[in-house]
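This report examines how selected parts of one protein chain pack and pair. Please consult the sequence and the structure shown here before reading on.

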Amino acid sequence: MAKIKLQPAFMIRKFLSEDMDAVLDIWLSASLKAHDFVEANFWRSQLQNMRDIYIPASDVYIYEDKSEVLGFVALLDDRLAAIFVKPDKQGEGIGKALVEHAKTIRKTLTLSVYKANIPSIHFYKSQGFFIIEESLDSATGQKEYVMRFPS
């Protein structure tokens with residue numbers, strides 16, 4: 001009997017313009033969940049900038065499963081500018097797959113993460129990132145860490 005090789009249902013692919021609404025929905029819902037220490041209206045006020053400035057300026061890759069966008073990673077030069085996963089899909093390995101994909105594209109990566117976002121700090125550390133400095137996000141007034149991979 002011949003063996004059938006099953007292909008994984010998910011794929012990571014380059015962002016397409018028709019992904020914009022799904023990406024923005026994921027970004028906003030995940031931002032509100034992960035950053036509840038920042039006023040919710042701040043995130044809503046940034047939607048247009050995400051649509052018009054940040055997403056178009058970045059190399060964006062989509063995690064798609066059965067034609068549904070479940071997460072994305074945005075790279076700006078060697079900066080991991082954004083990585084977000086639908087809140088109801090977090091903890092399923094999507095973020096890890098996106099980080100691994102980013103590591104295949106960039107030799108080094110840096111990112112900023114709010115100091116109050118403990119789960120994300122632990123996640124990035126588990127992916128091999130190290131804290132290299134502390135700074136202040138002028139837009140929110142929140143302390144943040146700058147992290148780098150590899151150390």
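In this predicted model, Glu 68 has a relative accessibility of 35% and therefore counts as partly exposed, since that class lies between buried, under 20%, and exposed, over 50%.

**Salt bridges**

Side chains of opposite charge can pair when their charged atoms come close. How many salt bridges does the count come to? The count comes to nine salt bridges.

Glu 68 takes part in one of these pairs: its side chain meets that of Lys 86 in a salt bridge, with 2.8 Å from N to O. Glu 68 belongs to strand β3 (residues 68–76), whereas Lys 86 is found in the loop between β4 (79–85) and α4 (94–105), so the pair ties together parts that are 18 residues apart in sequence. Lys 86, at 22% relative accessibility, also counts as partly exposed. Elsewhere, salt bridges that share partners join Lys 14, Asp 59, Asp 78 and Arg 106 into one network.

Arg 13 has two salt-bridge partners to consider here, Asp 19 and Glu 64. With Asp 19, the closest N and O atoms are 2.7 Å apart. With Glu 64, the closest N and O atoms are 2.8 Å apart. Glu 64 lies in strand β2 (residues 59–65) and Arg 13 in strand β1 (residues 10–14), so this pair ties together parts that are 51 residues apart in sequence.

Are the residues of these two pairs buried or exposed? Arg 13 counts as buried because its relative accessibility is 16%, a value under the 20% limit. Asp 19 is buried as well, with a relative accessible area of 4%, and Glu 64 is buried with 11%.

| Salt bridge | N to O distance |
|---|---|
| Arg 13 and Asp 19 | 2.7 Å |
| Glu 64 and Arg 13 | 2.8 Å |
| Lys 86 and Glu 68 | 2.8 Å |

**Packing of two helices**

Two packed helices are described by the angle between their axes and the distance between the axes. Helix α1 (residues 20–34) and helix α3 (residues 47–57) have axes that come within 10 Å and cross at roughly 125 degrees. The two helices are therefore oblique to each other, because an angle of this size falls between the range for roughly perpendicular, 65 to 115 degrees, and that for roughly antiparallel, over 145. The crossing of α1 past α3 is right-handed.

Which residues make the contact? From α1 come Met 20, Asp 21, Val 23, Leu 24, Trp 27 and Leu 28, while α3 contributes Leu 47, Met 50, Arg 51 and Ile 55. Of these residues, eight are nonpolar, two are charged and none is polar.

**Two buried residues**

Ser 58 is situated in the loop between α3 and β2. With a relative accessible area of 14%, Ser 58 is buried. Apart from neighbours within four places in sequence, Ser 58 is in contact with Ala 74, Leu 75 and Leu 76.

Met 147 belongs to strand β7 (residues 143–149). Its relative accessibility is 0%, so Met 147 counts as buried. How far apart are Met 147 and Thr 110 in sequence and in space? They are separated by 37 residues in sequence, yet their C-alpha atoms are 5.5 Å apart. When residues up to four places away in sequence are not counted, Met 147 touches several others, including Leu 109, Thr 110, Leu 111, Val 113, Phe 129 and Phe 130.

How values were computed
Residues are numbered from 1 along each chain as its sequence is written. This is a predicted model: local features need pLDDT of at least 70, side-chain atom pairs count only at pLDDT 80 or more; totals for chains, interfaces and linings use all residues. Side-chain values use heavy atoms; hydrogens and water are left out. Axes are lines fitted to C-alpha atoms, for helices over the stretch in contact, and angles run from 0 to 180 degrees between N-to-C directions. Helices (H or I, at least four residues) and strands (E, at least two) are DSSP runs, numbered from the N terminus. Angles under 35 degrees count as roughly parallel, over 145 as roughly antiparallel, 65 to 115 as roughly perpendicular and the rest as oblique. A crossing is left-handed if the near helix is turned anticlockwise from the far one by less than a right angle, and right-handed if clockwise. Contact means heavy atoms within 4.5 Å. Ala, Val, Leu, Ile, Met, Phe, Trp, Tyr, Cys and Pro count as nonpolar, Asp, Glu, Lys and Arg as charged, and the others, Gly among them, as polar. A salt bridge is a side-chain nitrogen of Lys or Arg within 4 Å of a carboxyl oxygen of Asp or Glu. Buried means under 20% relative accessible area, exposed over 50%, partly exposed in between (1.4 Å probe, protein chains only).
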